[in-house]
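Below are some notes for a colleague who is going through this model with the coordinates open. They are arranged as numbered points and can be read alongside the structure.

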Amino acid sequence: ALVTRRIKLGGLIMSTAALATVLIAGLLLFSPLINERLEAKGNIAAQNVASREALWRGAIAMSMDHPVTGVGPGRFGVESTDYVRDNPIVLSDPVTHETYLQILAESGPFALTAFLAFLGGSWISLSRYRKRCEAALNMDGMRLATAVQAGLVVAMVGGLFLSEQLAIPLWLLGALAAIITGPVAERQLPVLRTAASRRVEGHPEPAQSH
């Protein structure tokens, strides 16, 4: 705003000085209350970290005792009383707060492998579709693939801290990837599809007119 002259330098300096004054006054007047709240938040955060670690250790121990099929879908909370130790937060029906460990503990390594294959396959198909759009100079298709891939990144990283294996948005992203790289690609990229099929069948591509 300053570079484009939407605001003047003097107004920016005055507003910044006023904001700094208010912040300093607030810190001086309410510092005991602020420190108390920050300390309470720090204690809660430490308890949350310790609770997550206890739940993760319990999930690993659970998967080691049931290495093929797990304890059964939705049974982590029921079985957690025998496996989760030193949890500072008492929960009646806890989850692991870790998608991949929850699948491993409840459904076993084969289900976890299938889940990872679902995520990886969605990502790879979107990457291939994006490359095809890039070759065809289809900017809309590239943006669409990038947006869905960004959503997958958020879901996969979030799965490290949340139990979201049954969350609807996660599966909607996979469905979007399948639709985009299937029917949508067939409509958006007919030229590339025809050229590729000709190369596979051994037919020469038509000469381009200049």
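1. Aspartate 86 is found in the loop between α2 (76–79) and α3, where helices (H or I, at least four residues) and strands (E, at least two) are DSSP runs, numbered from the N terminus. Its phi is near 55°, a positive value in a residue other than glycine. Most residues other than glycine have a negative phi. Aspartate 86 is exposed, with a relative accessible area of 71%; here buried means under 20% relative accessible area, exposed over 50%, and partly exposed in between, with a 1.4 Å probe and protein chains only.

2. On provenance, this is a predicted model, in which local features need pLDDT of at least 70 and side-chain atom pairs count only at pLDDT 80 or more, while totals for chains, interfaces and linings use all residues. Residues are numbered from 1 along each chain as its sequence is written, and side-chain values use heavy atoms, with hydrogens and water left out.

3. As to the overall make-up, the secondary structure of the chain comes to seven helices and zero strands, so that the order of elements from the N terminus on reads α-α-α-α-α-α-α. Buried residues make up 27% of the 210 residues in the chain. Among contacts (heavy atoms within 4.5 Å) between residues at least 6 apart in sequence, 65% join residues at least 24 apart.

4. The axes of helix α1 (residues 9–65) and α3 come within 8 Å and cross at roughly 30°; axes are lines fitted to C-alpha atoms, for helices over the stretch in contact, and angles run from 0 to 180 degrees between N-to-C directions. The crossing of α1 and α3 is left-handed, a term used if the near helix is turned anticlockwise from the far one by less than a right angle, with right-handed used if clockwise. In this pairing Trp56, Ala59, Ile60, Met62 and Ser63 of α1 meet Leu101, Leu104 and Ala105 of α3.

5. Which residues does alanine 105 touch, not counting residues up to four places away in sequence? They are Ala59, Met62, Ser63, Gly70, Val71 and Phe76. Alanine 105 has its place in helix α3 and is buried, with a relative accessible area of 0%. From C-alpha to C-alpha, alanine 105 and serine 63 are 4.4 Å apart in space, although 42 residues separate them in sequence.

6. The structure holds four aromatic pairs, counted when rings of Phe, Tyr and Trp (its six-membered ring) have centres within 6.5 Å, with planes under 30 degrees apart taken as stacked, over 60 as edge-to-face and the rest as tilted. In one of them, the rings of tyrosine 100 and phenylalanine 115 have their centres 6.1 Å apart and their planes at 55°, so the pair is tilted. This pair links distant parts of the chain, with tyrosine 100 in helix α3 (residues 99–107) and phenylalanine 115 in helix α4 (residues 109–135), 15 residues apart. Both tyrosine 100 and phenylalanine 115 are buried.

7. Phenylalanine 118 and tryptophan 171 form an aromatic pair that is stacked, at 4.5 Å centre to centre and 25° between the planes. Phenylalanine 118 belongs to helix α4 and tryptophan 171 to helix α6 (residues 168–188), 53 residues apart, and the pair thus links distant parts of the chain. Tryptophan 171 is partly exposed, with a relative accessible area of 39%. Tyr100, Phe115, Phe118 and Trp171 form one aromatic cluster.

8. The axes of α4 and α5 come within 9 Å and cross at roughly 160°. That makes α4 roughly antiparallel to α5, since angles under 35 degrees count as roughly parallel, over 145 as roughly antiparallel, 65 to 115 as roughly perpendicular and the rest as oblique. The crossing of α4 past α5 is left-handed. Among the residues that meet are Leu119, Trp123, Leu126 and Tyr129 in α4, and Ala145, Val148, Leu152 and Met156 in α5.

9. Two residues in the loop between α4 and α5 deserve a look. Leucine 137 has its place in this loop, is exposed with a relative accessible area of 72%, and has a phi near 60°, a positive value in a residue other than glycine. Asparagine 138 lies in the loop between α4 and α5 (139–158), but is buried, with a relative accessible area of 16%. The side chain of asparagine 138 reaches the backbone nitrogen of aspartate 140 at 3.3 Å.

Definitions and conventions. A polar contact is a pair of N or O atoms within 3.5 Å; within protein, one must be able to donate a hydrogen and the other to accept it, and residues adjacent in sequence count only if both atoms are side-chain atoms.
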